[in-house]
Amino acid sequence: MNESNLASLDRLPGDPTPRAALARMIRVDHAGEYGAKQIYAGQLAVLGRSRHGDTLRHMQQQEQHHLDTFSRLIVERRVRPTALLPFWRIAGFALGAATAAMGARAAMACTVAVEETIDAHYAAQTAELGEDEGVLRETIEQFRAEELEHRDIGLANEAEQAPFYRLLSTVIRTGCKAAIAISERV
């Protein structure tokens, strides 16, 4: 992230430095991919032997690749991971298992809500990254495309027909936004 991008945003005293802003990005993306992997683990614990098992495994494998990439970046860039990984492990698995226990449509509604939130999050990050972070921007764009694929899979599997779809989606999106804000800093 170059200084000129952040200078154009009129940084104020107390705003993160370019290095700190980049560390926050990597930290939160690592935490998010970790949480996503756990959501799919919870869904697979309930629906793994159903007709949706292979689809859920496919999405979990992509999330594992994303997690592996951000785990590598955490080490390479010397970024402190969030201290909340143990909490996100439990919360992610619980969210996945709970929505799957409500039925396949609810599990897919969870996927749609999470992936739409991540789409907006990744879009904001790519807009913020400077030319000096082209490789990271391309990586995030690739992952964003895969997250949108997951959303589309959820929609194709009747996510919008889940009981209380709007309420469920709103609660999950709100939780994701809170998790993003917390994980950037803690």
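Modeller: On a 1 Å grid over the protein atoms alone, a pocket is an open set of points with protein on both sides within 12 Å along at least five of seven lines, whereas a cavity is a set where a 1.4 Å probe fits but cannot get out; lining residues have an atom within 4 Å of a point. This is a predicted model, in which totals for linings use all residues. Residues are numbered from 1 along each chain as its sequence is written.

Colleague: Which residues lie nearest the centre of the largest pocket?

Modeller: Gly35, Ile39, Gly175, Cys176 and Ala179 do, out of 27 lining residues. The pocket holds about 470 Å³ of space, a volume being the space filled by probe spheres set on grid points joined across faces, edges and corners.

Colleague: Which element gives the largest share of that lining?

Modeller: Helices here are DSSP runs (H or I, at least four residues), numbered from the N terminus. The largest share of the largest pocket's lining, eight residues, comes from α2; α4 (85-101), α5 and α7 (165-185) also supply at least two residues each.

Colleague: What is the volume of the second largest pocket?

Modeller: The second largest pocket has about 180 Å³, and its lining includes Pro16, His121 and Arg185. Again α5 gives the largest share, four residues.

Note on methods:
This is a predicted model: local features need pLDDT of at least 70, side-chain atom pairs count only at pLDDT 80 or more; totals for chains, interfaces and linings use all residues. Side-chain values use heavy atoms; hydrogens and water are left out.
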